[in-house]
Amino acid sequence: MSTFADSSALVKLYADEAGHEQVRGLVSIAVAQLARVEVPAALWRKQRMGELSAGDARLLTADFEADYFGTDSEPPRFAAVVVTGSLLDEAARLCASHGLRAYDAVQLSTALAVRRVDEGCTVFAGFDRSLRTAAAIEGFELMPSEDYLRTYEALLMSASTSPSGA
C-alpha cells in the first residue's frame, strides 16, 4: 500500500515539528511534482522565522532533494508525479467543488491520479484541514487520524497564544 503525502506532511520528514512522528514511518510515498518547490520553500520559511539556522535549512533542503531525486547510491524515496494539463484541469474542477486553494487542488488532483493507477494508494497524508476534508470526500483515508489532528491543532493554538518567553 502506498500513501500520497502533500507538502505539509513531507516537511515533517525533515523538520522536527508536531506530527513528524506520524509521517516518518511512511515507506511507499507518492508526491506531486509541486513538492519540489513547496518543501524547500517551507524549510527556508522556517529559517526566516528563526525556527532553523541557515545551515540547518540548507542541510534539510539537501536531504529533501536527495530523497526527491535520489543519489548515486540510492533511488528516489518518492514517486513524484509530473504535473500535466489534465491534472491542472482536474485541479480547477476541485477548486470549484471543494473550495480549495490552487496548490491544494493540484495536490489533490495528483493524489487522485495516483489512486487511478495504484488502487493501493488509499491514504492521504496531510495536515491542512480543508485539503484533508476534500481528500476524505474524494474517498481517501486520512493520515494522521482526526483525533491526532485535533490534538495537533490544539498544540498549535496554544503555542500561538502563549506569551513569548513563557
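This is a short walk through one protein chain, from its overall layout to a few single residues.

First, the ground rules. The model is predicted, so local features need pLDDT of at least 70, side-chain atom pairs count only at pLDDT 80 or more, and totals for chains, interfaces and linings use all residues. Residues are numbered from 1 along each chain as its sequence is written, and side-chain values use heavy atoms, with hydrogens and water left out.

Let's start with the whole chain. The protein chain has eight helices and five strands. Helices (H or I, at least four residues) and strands (E, at least two) are DSSP runs, numbered from the N terminus. In sequence order the pattern reads β-α-α-β-α-α-β-α-α-β-α-β-α.

Next, dimensions. The C-alpha trace spans about 50 × 40 × 25 Å along its principal axes.

Now the surface. The protein chain exposes about 8,600 Å², and carbon and sulfur atoms supply 56% of that. Accessible areas come from the Shrake-Rupley method with a 1.4 Å probe; for residues, only the protein chains shown count as cover. Of the 166 residues, 42% are buried. Buried means under 20% relative accessible area, exposed means over 50%, and partly exposed is in between (1.4 Å probe, protein chains only).

Contacts come next. Take those with a separation of 6 or more: residues 24 or more positions apart account for 59% of them. Contact means heavy atoms within 4.5 Å.

Charges, briefly. There are 15 positive and 23 negative side chains, and the centres of the two sets lie 4 Å apart. Lys and Arg count as positive, Asp and Glu as negative; His and the chain ends are not counted. Each charge is placed at NZ of Lys, CZ of Arg, CG of Asp or CD of Glu.

On to single residues. Ser2 sits in the segment before strand 1, which covers 3–5. Is Ser2 buried or exposed? Ser2 is buried, because its relative accessible area is 6%. Leaving aside residues up to four places away in sequence, Ser2 touches Ser28, Asp118, Gly120, Cys121, Thr122 and Val123. With Asp118 there is also a side-chain polar contact of 2.6 Å. A polar contact is a pair of N or O atoms within 3.5 Å; within protein, one must be able to donate a hydrogen and the other to accept it, and residues adjacent in sequence count only if both atoms are side-chain atoms.

Ala9 is in helix 1, residues 7–11. Ala9 is buried, because its relative accessible area is 0%. Beyond four places in sequence, Ala9 touches Val23, Ala125, Gly126 and Phe127. Ala9 and Val39 are 30 residues apart in sequence, and 9.4 Å apart from C-alpha to C-alpha.

Then Arg93, in helix 5, residues 85–98. Arg93 is partly exposed, because its relative accessible area is 42%. Arg93 and Pro76 are 17 residues apart in sequence and 31 Å apart, C-alpha to C-alpha.

Gly139 lies in the loop between helix 7 (129–137) and strand 5 (141–143). Gly139 counts as exposed, because its relative accessibility is 51%.

Last stop: which residues does a cis peptide bond join? Met143 and Pro144, with omega about 5°. Pro144 is in the loop between strand 5 and helix 8 (146–161). Most peptide bonds are trans.
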